[in-house]
Amino acid sequence: MAGLPAAAGTPRAGAAKLGTWSDHRVERVLGAVACIVLLLVAGMVVFVFVRAWPSFADNGLAWFGSGGNVDQQLIDIFNSPADPDSYVLTLRAWPLLYGTFLTTAGAVFFGLTFALFSAIFIVEFAPERLRKVLEPVVRLLAAVPSVVYGLIGILVIVPWVNGLISQERKESVAYVVQLTGTNISVAVLILTIMITPIMIAIIVDALRAVPRSWTEGAAALGVNRWRVMWTISVRTARPAIVAALVLATARALGEAIMLSMVSGSAGFAPNPIDGITFFFEPTRPLAATIVDNAEGLSVVPLGQTLYAFAAVLLVSSMFLSLGGFLAKQPMRKYGIRP
Amino acid sequence: MTTASATAPRDSPSKWPLIDRLGLGMAWAAGIMLCLIAGAIVVYMLVKGLQELNVDLLTSHPQPSLDQSKTGGFLDPMIGTLILTVMGTLIAVPLGVATAIWLAEYGRPAGLARAVESGVEMVAGTPSIVLAIFGLLIFQESLFAAFSFTAEGGAVYGRSFLAASAMMSLIALPLVVGATREALQSIPSHIREASYALGKTKAATIRRVLVPAIRPGIATGATLGMGRIAGDTAIVVILLGATLQLQGIDALEPFGTLRGTGSTLTSYVYVNSPAGEGNAPEKAYAAAFVLLAIVIALNFTVDWLARRGKEGSAWTR
């Protein structure tokens, strides 16, 4: 809202002369344009859910459960008869949901730790000349398209990781799953590199916004520089850190192309009981599954299944933006704009 | 702290408690790792890109062929990126600026304004893959048949430059709205009041005073949005058809091209990576290098615009 006491100060006398640019009309036109955005969002939610409904309805809550090979189920759905009454819609999406969770949570966990310390370094401890280079570099890394990260991953990291897996390890699980260089660790690694710069940028801005008098006051009391950063600045910037977390999670959740390139693209749920092998097991998150099966979108039952994946992603991202909105509130209270 | 202060104006980390020194060490380690990773990515892409890039690649059309020496270059994907970026921005900027002005200057009724605000935030948080298949759903309706081509049984294909750029504009929209709102909020209210005092209406104030003043802000948002559009892959793969060449429809040029399918640099990189059908890493590297150069150029433009926005128009302070 502009800092203007609304209509009271607005002269309306000349409005009639201006014709098309009259005040009322402009307000209404601009408001209508703004409502287009609202309509689009509502339309998106409705359309996606209506299209996704048969898949949820056919499976019930078992949709979210495990059971059977999800890739085989997707193939069966793709090959189901053309008669609407005999569509195959059976799906147990757990491996995909679990894969989404694993890659997102892993990347966000490592990314946040790394981003927090990097941000503290950039704001407080980096030598001036290094800082001047680092800041644009971070923004540059945040802008690098995900497909470029995917390309580096699949051409550089994947062959290297493939060499790390011993032949015995590959043979030991060959009857269940094929171990290659494309696996969960590579997916988490590349995803971490992809989402960290965004978090660094937001956290750096928030740490800078901490009132100087607070940190200087602490320093004057004899608190050392690290402790000032850790106890005053980081604590004040906590809402911004949550906001960064939310943004990075949304990005990781929705990343499709890059993950379809490096995650192994197999509907397999990596099992932590497998020990070291766990880190080399392939997976495939929801978003990557949509891309991998995009050619089948015109097959009605597979389309419905893929829209169900999209619906799950949509609901998750909705909850995330709600969380981000709530997280920003405390910072406003202190009069700091995140 | 009575003895040390005389000699050391700044306490040295060697006297800190162990846990603090550990934290400092972690911060340095993280910072140095960041430098190394960033340096590695930039240098690697630079070396690989310059190795593989040549003029032929930039000026020849891609051809379907099993022989790598005959698959041509990526002229069409470059044109595709250009078309999508320009059209997406052209849709996003008016929509975004109008929304931002309404939110910041009018915003009545307050409930609706809050709803629009969270709507914009939701668009920002929606994965582009979801936007892509939502776009497919819309543009396959027969109502929008004019935007793409219609197959012989009346089925609308739904994939075209028009459809893709409409969805791409949604990616850029939150950035335009954010930058424009920020610029509007940074204009002090006495500027507006001065305009009212001269007898201008609110609408006239927006048109003659505020919009000229926030132009650098709008440009920043638009450029950020262009970077996003140029870098997005999911929408291109699903909503642009990702055909190698621009496949226009026999209609009036240039509208035929816009209704047709094509590819962009991002989808070209994807298709030519080992994950795609093309599997020509050299070409993928070269295309990724060009893509990266475009994104970096846009990035510098944002910096330059932001600086100019701060210097120029001193009257808005």
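# Briefing: a two-chain helical model

R215(B) is partly exposed, because 17 other C-beta atoms lie within 10 Å of it, a count between the limits of 12 and 20. This residue sits in helix 9 (residues 215-231) of chain B. The model is predicted.

**Chain B as a whole**

- Chain B contains 13 helices and zero strands.
- Read from the N terminus, its elements run α-α-α-α-α-α-α-α-α-α-α-α-α.
- Chain B has 317 residues, and 50% of them count as buried.
- Take the contacts in chain B between residues at least 6 apart in sequence: 69% of these join residues at least 24 apart.

**Places to find in chain B**

- Start again at R215(B): its C-alpha atom is 10.0 Å from that of L184(B), and 31 residues separate the two along the chain.
- S263(B) lies in a loop of chain B, between helix 11 (255-259) and helix 12 (265-272).
- S263(B) counts as buried because it has 28 C-beta neighbours inside 10 Å, and the cut-off is 20 or more.
- Leaving out residues up to four places away in sequence, S263(B) touches D76(B), P77(B), G80(B), V236(B), L240(B), A242(B), T243(B), L244(B) and Y268(B).
- S263(B) and E277(B) are 14 residues apart along the chain, and their C-alpha atoms are separated by 14 Å.
- Helix 12 of chain B is mostly covered, with eight of its eight residues buried.
- Those buried residues are L265(B), T266(B), S267(B), Y268(B), V269(B), Y270(B), V271(B) and N272(B).
- R108(B) and P109(B) are joined by a cis peptide bond, with omega about -10°.
- P109(B) is in the loop between helix 3 (75-106) and helix 4 (110-125) of chain B.

**Where the chains meet**

- The contact takes 81 residues from chain A and 75 residues from chain B.
- On the side of chain A that touches chain B, helix 2 (residues 23-59) of chain A gives the most, with 16 residues.
- That side of chain A has 60 nonpolar, 15 polar and six charged residues.

**The nonpolar cores**

- The largest nonpolar core has 200 residues. I203(A), I290(A), A310(A), I133(B), V269(B), A288(B) and L291(B) touch the most other members.
- Helix 8 of chain A supplies the largest share of this core, 18 residues.
- I290(A) has contacts in both chains: A256(A), L306(A), F309(A) and A310(A), plus I129(B) and I133(B), not counting residues up to four places away in sequence.
- A second, separate core has five residues, including V177(A), L179(A), A266(A) and F280(A).

**Helix 8 of chain A and its partners**

- Helix 5 (residues 128-143) and helix 8 (residues 184-209) of chain A have axes that come within 8 Å and cross at roughly 135°.
- That angle makes helix 5 of chain A oblique to helix 8 of chain A.
- Helix 5 of chain A passes helix 8 of chain A in a left-handed crossing.
- Helix 5 of chain A makes this contact through V138(A), R139(A), L141(A) and A142(A), and helix 8 of chain A through P197(A), I198(A), I200(A) and A201(A).
- The residues of the contact between helix 5 and helix 8 of chain A are seven nonpolar, no polar and one charged.
- Helix 6 (residues 146-164) of chain A packs with helix 8 of chain A at about 140°, with the axes 10 Å apart.
- Helix 6 and helix 8 of chain A are therefore oblique to each other.
- The crossing of helix 6 and helix 8 of chain A is right-handed.
- From helix 6 of chain A, the contact uses S146(A), Y149(A), G150(A), G153(A), I157(A), V158(A) and V161(A). From helix 8 of chain A come S185(A), V186(A), L189(A), I190(A), I193(A) and M194(A).
- The residues of the contact between helix 6 and helix 8 of chain A divide into nine nonpolar, four polar and no charged.

**A backbone detail in chain A**

- S265(A) has phi near 45°, a positive value in a residue other than glycine.
- S265(A) lies in the loop between helix 12 (257-262) and helix 13 (286-292) of chain A.
- S265(A) is partly exposed, with 19 other C-beta atoms within 10 Å.

Terms used. Residues are numbered from 1 along each chain as its sequence is written. Chains are lettered from A and ligands numbered from 1 in the order in which they are written. This is a predicted model: local features need pLDDT of at least 70, side-chain atom pairs count only at pLDDT 80 or more; totals for chains, interfaces and linings use all residues. Axes are lines fitted to C-alpha atoms, for helices over the stretch in contact, and angles run from 0 to 180 degrees between N-to-C directions. Helices (H or I, at least four residues) and strands (E, at least two) are DSSP runs, numbered from the N terminus. Angles under 35 degrees count as roughly parallel, over 145 as roughly antiparallel, 65 to 115 as roughly perpendicular and the rest as oblique. A crossing is left-handed if the near helix is turned anticlockwise from the far one by less than a right angle, and right-handed if clockwise. Two residues are in contact if their C-beta atoms, placed from the backbone, lie within 7 Å. Ala, Val, Leu, Ile, Met, Phe, Trp, Tyr, Cys and Pro count as nonpolar, Asp, Glu, Lys and Arg as charged, and the others, Gly among them, as polar. A nonpolar core is a set of buried Ala, Val, Leu, Ile, Met, Phe, Trp, Tyr and Cys residues joined through C-beta atoms within 7 Å.
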